[in-house]
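Dear colleague,

Please find below the structure that I am handing over to you. My notes on what was found in it follow directly after.

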Amino acid sequence: MTQYETVFILTPVLSEDDTKKTIKGYIDLLKSQGAEMVHEEHWGLKNLRYPMKKKTTGIYHLLEFRGSGKAVDTLEVAFRRDENILRYLTIKLDKYAVKYNDDKRAGLVGRNKKVNAETKEETAS
């Protein structure tokens, strides 16, 4: 199965419960299409670079999953039909992106890189 990453922006007028229900609905949709969830991140309310549908903020959410192209098609059709979705983007991850995402979640790379305890002790002395 191919690994994909989808980021979508929900309208900011949704309540917290409605946001959770909407996100769970898309996860259930992917699972019903045989996709396997790898990772999920809720980025929360953020300012948009430019107004979309007269909104200046949006609720960002990331889904990383393994699945078929048919699952992606089904997800994107559902996004197009949902008026609560401002924008979405799905990308196919190559092996380097998959490894980077795995390393990032393990704290080996990226902004939240974990400092090795030995390195920390060396810099302290």
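Leaving aside its neighbours within four places in sequence, which residues is Thr 11 in contact with? The model is a predicted one, and in it Thr 11 makes contact with Lys 55, Ile 59, Asn 84 and Leu 86. Thr 11 is placed in the loop that lies between strand 1 and helix 1. Its relative accessibility is 5%, so Thr 11 counts as buried.

- Strand 2 and strand 3 run antiparallel and are joined by 11 bridges. Asn 47 has Thr 57, in strand 3, as its bridge partner.
- Strand 1 and strand 3 also run antiparallel, with nine bridges between them. Here Val 7 stands opposite Leu 62 of strand 3.
- Strand 1 pairs with strand 4 in the antiparallel sense over seven bridges. Tyr 4 has Lys 92 of strand 4 as its bridge partner, and Leu 10 has Ile 85 of strand 4.

Strand 2 and strand 3 form a hairpin, with two residues between them. Lys 53, in the turn, has a positive phi of about 50 degrees.

How many of the nine residues of strand 1 are buried? Eight of them are, so strand 1 is largely enclosed by the rest of the structure.

Thr 57 in strand 3

Thr 57, named above as the bridge partner of Asn 47, has its place in strand 3. Is Thr 57 buried or exposed? Its relative accessible area is 19%, and buried means under 20%, so Thr 57 is buried. Not counting residues up to four places away in sequence, Thr 57 touches Pro 12, Leu 45, Lys 46, Asn 47, Leu 48 and Leu 86.

In soluble globular proteins, nonpolar side chains tend to be buried together. In this model the largest nonpolar core has 17 residues, and the members that touch the most others are Phe 8, Leu 10, Leu 30 and Phe 65. At least two residues of this core come from each of strand 1 (2-10), helix 1 (16-32), strand 3 (55-67) and helix 2 (69-81).

Phe 8 deserves a separate entry. Leaving aside neighbours within four places in sequence, the contacts of Phe 8 are Ile 23, Tyr 26, Ile 59, Tyr 60, His 61, Leu 63, Phe 79, Ile 85, Arg 87 and Tyr 88.

The largest pocket

Rolling a probe the size of a water molecule over the atoms shows where empty space is left. The volume of the largest pocket is about 220 Å³. Which residues line the largest pocket? They are Glu 41, Trp 43, Lys 46, Lys 104, Arg 111 and Asn 112. Strand 2 gives the most to this lining, with three residues.

Glu 16 is found in helix 1. With a relative accessibility of 59%, Glu 16 counts as exposed. Glu 16 and Asn 84 are 68 residues apart in sequence, and their C-alpha atoms are 13 Å apart in space.

Lys 114 lies in the loop between helix 3 (95-106) and helix 4 (117-124). Its relative accessibility is 61%, and Lys 114 therefore counts as exposed. Not counting residues up to four places away in sequence, Lys 114 touches Ala 106 and Gly 107.

Yours sincerely

How values were computed: Residues numbered from 1 in each chain as written. Predicted model: local features only at pLDDT ≥ 70, side-chain atom pairs only at ≥ 80, totals over all residues. Heavy atoms only, no water. Core = buried A, V, L, I, M, F, W, Y, C linked by side-chain atoms within 4.5 Å. Buried < 20%, exposed > 50% of the residue type's maximum accessible area, 1.4 Å probe, protein only. Helix = DSSP H or I, 4+ residues; strand = E, 2+ residues; numbered from the N terminus. Contact = heavy atoms within 4.5 Å. Pairing = 2+ DSSP bridges. 1 Å grid on protein atoms, 1.4 Å probe; cavity = no way out; pocket = protein on both sides within 12 Å on 5 of 7 lines; lining within 4 Å. Points joined across faces, edges and corners; volume = space filled by probe spheres on them.
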